[in-house]
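Please read them alongside the coordinates.

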Amino acid sequence: MLKRLALCMFLLLLLSACGNRESEEINTIAAADLSENEKTLLHATAGHILFIYNLSLESEGVLDVWVEKYEYGELLEERIGLVEAAVSKKGQILVALIEVPQSKQMIVRVSIINEAGYESNGGVITLPDIGAFGYGKLISDEGTALKKDMAIGQLIYAGESNFFKTSQEKLGNDPAAIIKELKDRPEVYLVRSSFEKEATAPHD
């Protein structure tokens with residue numbers, strides 16, 4: 001009898017655990033996998049430096065996306081081109097950095113595409129007198145969990161004797177860890193995002 005009771009309790013716990021796993025809401029962000037034609041079209045229309053991500057959401061929430069400017073690890077400009085939008089199910093993030101010809105300025109365009117359409121905003125940044133730069137996404141094609149505080153892309157300007165690092169997998173998407181690693185770089189721009197789930201009303 002005791003053995004049967006223990007077995008039933010074990011099965012109930014197992015089923016409960018399975019149910020909890022199934023009910024967990026998974027929200028992910030992944031780098032968009034574009035064809036060569038899509039890349040060419042976007043570069044021609046939106047600029048050469050692009051950060052494009054796909055969103056897959058099982059819970060509704062609010063997403064903020066913006067760009068931050070750092071010099072030698074110190075935050076100088078925050079929330080450049082800030083966009084806030086409600087998102088659910090599927091969506092996309094597009095951040096374009098467009099150089100202005102014969103100028104030391106770059107236009108920042110940030111867009112969030114959702115089921116209702118899109119939200120967009122812009123800003124302008126002044127480029128440093130440094131020729132060497134590199135940029136890249138901090139999110140893989142496989143994707144990662146969409147969290148409250150993330151760095152999802154970077155643009156790094158470095159002096160000739162202090163070139164940028166290309167691999168930062170160990171740092172993940174932690175903005176503080178990335179900036180600490182890059183504190184000796186003359187100028188760094190981080191593409192940032194923050195997702196918060198929509199609060200649900202308690203059940204009676």
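1. D184 is partly exposed at 36% relative accessibility, while R185 is buried at 2%; buried means under 20% relative accessible area, exposed over 50%, and partly exposed in between, with a 1.4 Å probe and protein chains only. Their side chains form a salt bridge, with N and O 2.4 Å apart. The criterion for a salt bridge is a side-chain nitrogen of Lys or Arg within 4 Å of a carboxyl oxygen of Asp or Glu. By this rule there are six salt bridges.

2. This is a predicted model, in which local features need pLDDT of at least 70 and side-chain atom pairs count only at pLDDT 80 or more, whereas totals for chains, interfaces and linings use all residues. Residues are numbered from 1 along each chain as its sequence is written, and side-chain values use heavy atoms, with hydrogens and water left out.

3. Salt bridges with shared partners connect E68, D149 and R192 into one network. Within it, the closest N and O atoms of D149 and R192 are 2.1 Å apart. D149 is in the loop between β9 (144–145) and β10 (150–157) and R192 is in strand β11, so this pair ties together parts that are 43 residues apart in sequence. (Strands are DSSP runs of E, at least two residues long, numbered from the N terminus.) R192 is buried, with a relative accessible area of 8%, whereas D149 is partly exposed at 43%.

4. Another salt bridge is that of K69 with E71, at 4.0 Å from N to O. K69 is buried at 8% relative accessible area; E71 is partly exposed at 30%.

5. What is the strand order of the open sheet of five strands? The order is β4-β3-β11-β10-β8, with antiparallel pairing; two strands pair if DSSP finds at least two bridges between them. β4 (74–87) and β8 are the edge strands, each pairing on one side only. On average, neighbouring strands here are turned by 15° against each other, direction ignored, where axes are lines fitted to C-alpha atoms.

6. Inside this sheet, strand β3 (residues 61–71) and strand β11 (residues 187–197) run antiparallel and are joined by ten bridges.

7. The hairpin that joins β6 to β7 passes through two residues. S111 has S120 in β7 as its bridge partner.

8. Two aromatic pairs are found in the whole structure. Rings of Phe, Tyr and Trp (its six-membered ring) pair if their centres lie within 6.5 Å; planes under 30 degrees apart are stacked, over 60 edge-to-face and the rest tilted. F51 and Y135 are edge-to-face because their planes are at 75°, with ring centres 6.2 Å apart. F51 is in strand β2 (residues 49–56) and Y135 in strand β8 (residues 133–137), 84 residues apart. F51 is buried at 0% relative accessible area, but Y135 is partly exposed at 34%.

9. R79 lies over the face of W66, 4.5 Å from the ring centre. For such a call, NZ of Lys or CZ of Arg must be within 6 Å of the ring centre and within 35 degrees of the ring normal.

10. S59, in the loop between β2 and β3, is buried at 7% relative accessible area. Its side chain makes a polar contact of 2.9 Å with that of N27. A polar contact is a pair of N or O atoms within 3.5 Å; within protein, one must be able to donate a hydrogen and the other to accept it, and residues adjacent in sequence count only if both atoms are side-chain atoms.

Methods. Helix = DSSP H or I, 4+ residues; strand = E, 2+ residues; numbered from the N terminus. Axes fitted to C-alpha atoms, helices over the stretch in contact; angles between N-to-C directions.
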